[in-house]
Amino acid sequence: MKKISRKQFLLAGSGALAGLAAIKYATRDRDINVEYPEVKENAVNLSKNGQSVTIIGGGLSGLMAGCELLDRGFHVTILEKNATLGGRLRSWRDKDFGSPGKGDWKGHNIEHGTHIVFPFYRNFREFLRRHGLTLRNRTVNYPGAAISFAYPNGIIDDRTASKAIAPFHAEAALKDMKYASKEDNDNFGIHQIMKLLSFDPSNEEEVRYLDSISVKEWMNSVGIPDGIVKAFMDPLMDMATFLPADKTHALYLHRMIGSMFGAWQDLYGVQFFQDSTNDSIIQPMADYIAAKGGKIFFDAEVEHINTKNNKVTEVVTKPLKSGQYICPVCGEVHDVMPERCRRCSYSGKNFIVRSAAEPANFRSDHFLLGVDIPSARELLLKPSLNLSERYEKFKDRPTSSIVVVYLWYPRKPSVKGEKINWEDHFGDRECLMTTDFPYLGTTLNLTYLKPETFAGYDADIIETQIAKVERVEGMTDEQIADKIDEDLRNLIPGLPKYIDVRIMKWDNFSAFTIGSEAQCPEMDTAYDNFHLLGDFITAKHNCFLMEKVTVNVRRAVNKLLEQINQQEGKMKILPSETPNFLVNFWRSVESVKA
Ligand SMILES: Cc1cc2nc3c(=O)[nH]c(=O)nc-3n(C[C@H](O)[C@H](O)[C@H](O)COP(=O)(O)OP(=O)(O)OC[C@H]3O[C@@H](n4cnc5c(N)ncnc54)[C@H](O)[C@@H]3O)c2cc1C
């Protein structure tokens, strides 16, 4: 229990009572709680202010910053090292995967990870609304499963919340796990669920504490049995951070769970992009930037950042040799034709051949860096910037590796009483979280998830994300596919033989290992006109990944406005959770510590 004064207790208590009375409005009717929140003051279209910004990186953070700054009167230039935009949200078209079409067939979209947009991504959703972009509607509704787990012995466990008032609705979803023993289930109850609720994100001591301890250690410390950790937390963390519960910091768990408990729909409303991320958000953002006069340069890898006094003066791109190959999948530049990604074709080409280019200099009033951890490290730690002391901790901030497997299974004609296809076996479950399989990770059926891309094919297109990549190191694509196929057959014995496979490997996911929060760099650098963007920098805000990218873009936009004394266009940042008075009350009286 936290030590609180009588005054604090009374304040929190009266807040809780007021909250009970207002709960209907707090959880259902307020603007902040709608699927796509509207913030009128964020929708601006200001005339040019004479200021220019160069953004390094054309991923989500660079593109989103570009859109917001153009709306607020800045001249925007984006420098992207690859031939395609999107960064970790990039997708591409593969003309040969599965059963190719005919004539003007553009190919199937392939991407790395089917990205989840949580209901509490309020800032990201507000951006989507302003740009007329939407997510795929969720097909599963109460009393369907909020989440489904799959285990190697064929057990499928659908977790369904109750209709009880939030946060008590969540208890039902966590109780009586099928993969846990009776004893472990008996030892898990409402008192531990209330511990899960007690994290106060504004309490810096709690943030530091949870960053220093793993999910498993924290759970054990409050008496949650290992059987529940294995059944619930390992698959959840595998899906969310690509690390098991003993490697992920407890802060991630609390940020996720805490944000989900405030409202009933926060547990049920998980959504995916409607189609490939390129079609859903990346290309529309690029089109918006072009329509507003922003400039995007491709094959423009920033190699040097030049400074004078306490300002960045210019950035310089890498020279290109003619005849180099750029891999359409990983974006790396090769001197010989890239073997690693050769099987995946982009718009019908196996690779892109670059023409020679001299280094180019880009000057502007402001500079923003929106790249991934390995690239940020390379640029920020160049001796010429003299920042190595400042980034001492960031130097070691880790990334997680993931292997994403796409498998194409033609459907067999259904036979009465036999479960031979995904649908026969799993009905409309579109995503399964897994644990203890030799290879199978979080598994999705893209035939249901990406209707524009895959509808019309009598096939189950299965995506699985292998988090423990060391298990498949050195294997060929076919060997990896056979291992996944074996695990899937453990679940669906009659599955027809897969006919094709595509594999993508990524090693730049911002990891949530123990202590990694303390390794986050600040948005501000030592240079007044140079700021950092992205999902790995600090934000005193309860959010992660794409929502954190959005929050950090807004912080950077507000910083630039403040620096030039521009009053108009200041961005509102929404809380990335639903206010709930009961949760707030509990946070004020209980501590996350055992
Ligand atoms: C497999 C996977 C699954 C994920 N799933 C989810 C999910 O379910 N939900 C969620 O919210 N988030 C998810 N994420 C995280 C999400 O993708 C990221 O938070 C987000 O895309 C980060 O955007 P960014 O712009 O900060 O970085 P990036 O996307 O990495 O973009 C950086 C860009 O900078 C470019 N660049 C790098 N160096 C240079 C240079 N020197 N010069 C010029 N350009 C450069 C890169 O080519 C890239 O285009 C997932 C990520 C991965 C890898």
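Strand β16 (residues 366-369) runs parallel to β22, and 3 bridges join the two. Strands here are DSSP runs of E with at least two residues, helices are DSSP runs of H or I with at least four residues, and both are numbered from the N terminus. Two strands pair if DSSP finds at least two bridges between them. Please keep in mind that this is a predicted model: local features need pLDDT of at least 70, side-chain atom pairs count only at pLDDT 80 or more, and totals for chains, interfaces and linings use all residues. Residues are numbered from 1 along each chain as its sequence is written.

**Confidence**
- The mean pLDDT of the protein is 89, and 91% of its residues reach 70 or more; pLDDT is the predictor's confidence in each residue, from 0 to 100.
- Residues 21-30 have pLDDT below 50, and this stretch has 14 contacts in the model beyond near neighbours in sequence. A contact here means that the C-beta atoms of two residues, placed from the backbone, lie within 7 Å.
- Where pLDDT is low, the predicted coordinates should not be read in detail.

**The open sheet**
- β16 and β22 belong to an open sheet of 5 strands with parallel pairing, in the order β9-β2-β1-β16-β22.
- At the edges are β9 (295-297) and β22 (530-532), each of which pairs on one side only.
- On average, neighbouring strands of this sheet are turned by 20° against each other, direction ignored.

**Strands with both faces covered**
- Strand β18 (residues 431-434) has Cys431 and Met433 on one side and Leu432 and Thr434 on the other, all of them buried. Buried means 20 or more other C-beta atoms within 10 Å of a residue's own, exposed means 12 or fewer, and partly exposed lies in between, with C-beta atoms placed from the backbone.
- Strand β6 (residues 147-150) runs parallel to β18 and is joined to it by 2 bridges; phenylalanine 149 has methionine 433 of β18 as its bridge partner.
- Strand β19 (residues 442-445) pairs with β18 in the antiparallel sense over 2 bridges, and there leucine 432 stands opposite threonine 443.
- In strand β3 (residues 91-94), Ser91 and Arg93 point one way and Trp92 and Asp94 the other way, and all are buried.
- β3 pairs with strand β4 (residues 108-111) in the antiparallel sense over 4 bridges, with arginine 93 opposite asparagine 109 of β4.

**Helix packing**
- Helix α10 (residues 250-260) is largely enclosed by the rest of the structure, because 9 of its 11 residues are buried.
- The buried residues of α10 pack against α7 (204-211), α8 (215-221), α9 (226-241) and α11 (264-268).
- Helix α2 (residues 60-71) packs against helix α12 (residues 277-291) at an angle of about 35°, with their axes 9 Å apart. Axes are lines fitted to C-alpha atoms, for helices over the stretch in contact, and angles run from 0 to 180 degrees between N-to-C directions.
- Leu63, Met64, Gly66, Cys67 and Leu70 of α2 make this contact with Ile282, Met285, Ala286, Tyr288 and Ile289 of α12.

**A loop residue**
- Phenylalanine 168 sits in the loop between β7 (156-159) and α4 (170-174).
- Phenylalanine 168 counts as partly exposed because 16 other C-beta atoms lie within 10 Å.
- From C-alpha to C-alpha, phenylalanine 168 and leucine 70 are 44 Å apart in space, and they are 98 residues apart in sequence.
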